[in-house]
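Visitor: Please show me the model, and then let us go through it by question and answer.

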Amino acid sequence: MMKVTRRNVLKSSTALVGGMAGILATGRAPAFAQGTTVHWLRWNDFVPASDTLLRREMLPEAEKALGVKINFETVNANDLQPRITSAIQSGSGPDLIMLNNNHPQLYAASCVDMTDVVEPLAKAEGAHYALVQANSNDGKKWISMPWAIIGGMIAYRKSWFEEAGASSFPDTWEKYREVGKALKAKGRPIGQTLGHTFGDAPTFAYPYLWSWGGKEVDESGKVVINSKETVDSVKFMTGFWKDAHDEGGLAWDDTNNNRAFLSQTISATLNGASIYIESLRNPDRYISEKGAQLKTDILHAALPKGPAGQFSMHTYHSHVLPTYSKNAKAAKDFLRWAHSKPVYEKWFVSQKGFATPCTPEWEKHKVWTEDPVMEPYKIAGRLARTPGFAGPADAKAAEVLSKYIVTDMYAKAAQGMPAEDAVKWAESELKKIYV
Amino acid sequence: MVVAETQVYMPQAPRTRQRLLEDERWLAFVLLVPTMVLLGMFIAYPFVRGILLSVTNSRVGVPGDFVGLANYYKIWNDGIFHTSVYNTFLYTGVTTVFKLALGLWLALLLNRNFRGKAFTRAFILLPFIIPTVLSTFAWKWMFDPTFSVLNWLFYHLNLISGRINWLGDPDLAMISIIVVNVWRGVPFFAISLLAGLQTISPELNEAAAIDGAKPRQRFWYITWPLLLPVTMVVVLFSIIQTFADFQIVYVMTGGGPANATHLFATYAYQIGVGTGLLSEGAAISLAMFPILFLVVIVQLLYIRRVEVR
């Protein structure tokens, strides 16, 4: 063992202080000499089988094919934004970072142009859906590489809805509220998060607002949220929440509704298909009160219509390549490899329809015909709007989304704030951003 | 010859460096250098960077330009910031009172002689030892909107008929985080005050008892005044820690529902790190500084007065 002498301690502390000073002076964390490694950061997939597939099979194949090491890391999706902020500010971190929706727009100045990867793929597969273009392209270049769309549909209990008098899923908010009221009276409320969480909260709140004719801004970027339509939507939501919803939803994240549905405490919830897929994976674990497998009692439906129509917003995933990356070429090569048809198809099949690819080409895939329950997700990419409608899904719209302003407007009203005040609050927050 | 040899025997002139270090002022300076460098790097440098950041319009990846006090003006008019300020004071005030009361009570109990004293004292520290994030996750599950074990317990004890919406209701969410903070903070108070109690000579209490002082009087006129300097230091530390608390709120509510439980630190994090508005985040977190500075000054002055007395 090394003897600890005062001289040694002094020497090491001098080295440490010197090293830290170097890091501060250059503004960069130390880089260690090694072969090319692509550090890939993604969310913890709601279909865990896909992460297992990546770790066990696909990434070792990529390492062999590309001659690079892939360091695959997964985190809670709500932690992706803090991670990219600290990575960009410290000038070091993952080479490829998955982001939700139009969040890449917030980091456009620090991300590599991905046009050379996106366009050849678009040429081969056909153009991307409009929502993909709106989220990942800033009008001049592709700032992120489109990966997949997580379709948001309402998963509901067929038999419970029938018992409450709905032989098919209610097609308007009024009808949904009526059925929901009957269901809640039986202890089977609708479950919906209005919390600060990336997926289920905004993909409910935004289309709900649009379906009443409300919007954040007009085409010119003028804040127009304080309208009769928005106030009507908030008023309706207040009663709808009390009548039909599980009021714990104000504190839910994207996982709570999955657990609540699978433990059969809620009758319906807006979600990706992860609840149904979990019930397929463990059919004997989830048994209904009638003794049937839960998977046989789950159906999917789009969000109901409002006075202005029927809309949806789906969680969208793409990858950014920050400019600090020293492995930009290897990272792009890896993306090209991951998006090559046989490779991407393997991953897509493992998702069982939870993720919808970004081009219409994939609508023809047999995954969609294998299980009719999953069919509504097939065209998720076609019909969705993006945050910031009727303006572009730009950095301002991404800031509004990141601050959960639209979701909070409804949450505040659900907590008892008068509808007009909740809308005024949202308007003042939006005006700080759209200056 | 002999004389000449004695003249040759002269001590060697010490080198300058050694002479400098023999001077106590220089030695003190040299010994202080490592601490100064560490404080400079980890406290002063980030602090100054924070101030510089807060007067720009910097966002993640964009250095930004000087905007003066625009960010402070912006947060001054920000409703969520007002809520965060109110929450931070409420959270710090209520938890400190409870932590002090319960901690003192626990310390008085632990100061008695009983079997298993050492074990109990060690056990009491448990909430303080467990990493906060882990214990807070356990609490989060206990307060879960759907699967709360507390609700289950109250329901089976026939105390409630429906679910209590612990984290979904703004007031209950605030109470929940206060409960967790008190739970976590009481051991720190208890052990620190216990250490203070043990420095008080038992003879004082015995003499007072002989003079006819009742337990309550002995506490108010002997124990409490002698314990006051320690209490003040513990309260000071606790206020600073609680005021800048992050972990409990971040894990339990994330500042929700609808921003109802944000504190300075969690709101600064949401704006600065979550949304990437670094300069605004820096302004929010620096807004804490004058308040904390004032608390420290007032309490240090008080402690000095008590000590001089």
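Predicted model: local features only at pLDDT ≥ 70, side-chain atom pairs only at ≥ 80, totals over all residues.

Visitor: Which side chain of chain A meets B:Arg163 in a salt bridge?
Guide: Residues are numbered from 1 along each chain as its sequence is written, chains are lettered from A and ligands numbered from 1 in the order in which they are written, and side-chain values use heavy atoms, with hydrogens and water left out. A salt bridge is a side-chain nitrogen of Lys or Arg within 4 Å of a carboxyl oxygen of Asp or Glu. At 2.5 Å, N to O, the partner of B:Arg163 is A:Asp246.

Visitor: How many salt bridges are there between chain B and chain A?
Guide: The pair B:Arg163 and A:Asp246 is a salt bridge. The count between the two chains is three.

Visitor: Which element gives the largest share of the side of chain B that touches chain A?
Guide: Helices here are DSSP runs (H or I, at least four residues), numbered from the N terminus. Helix H3 (24–54) and helix H14 (264–274) of chain B each give two or more residues to that side. The largest share, six residues, comes from H14(B).

Visitor: Which element of chain B has the lowest mean pLDDT?
Guide: Chain B has a mean pLDDT of 90, and 93% of its residues reach 70 or more. Among its elements, helix H5 (residues 79–110) has the highest mean, 96. The lowest, 51, belongs to helix H1 (residues 2–8) of chain B.

How values were computed:
pLDDT = per-residue confidence, 0-100.
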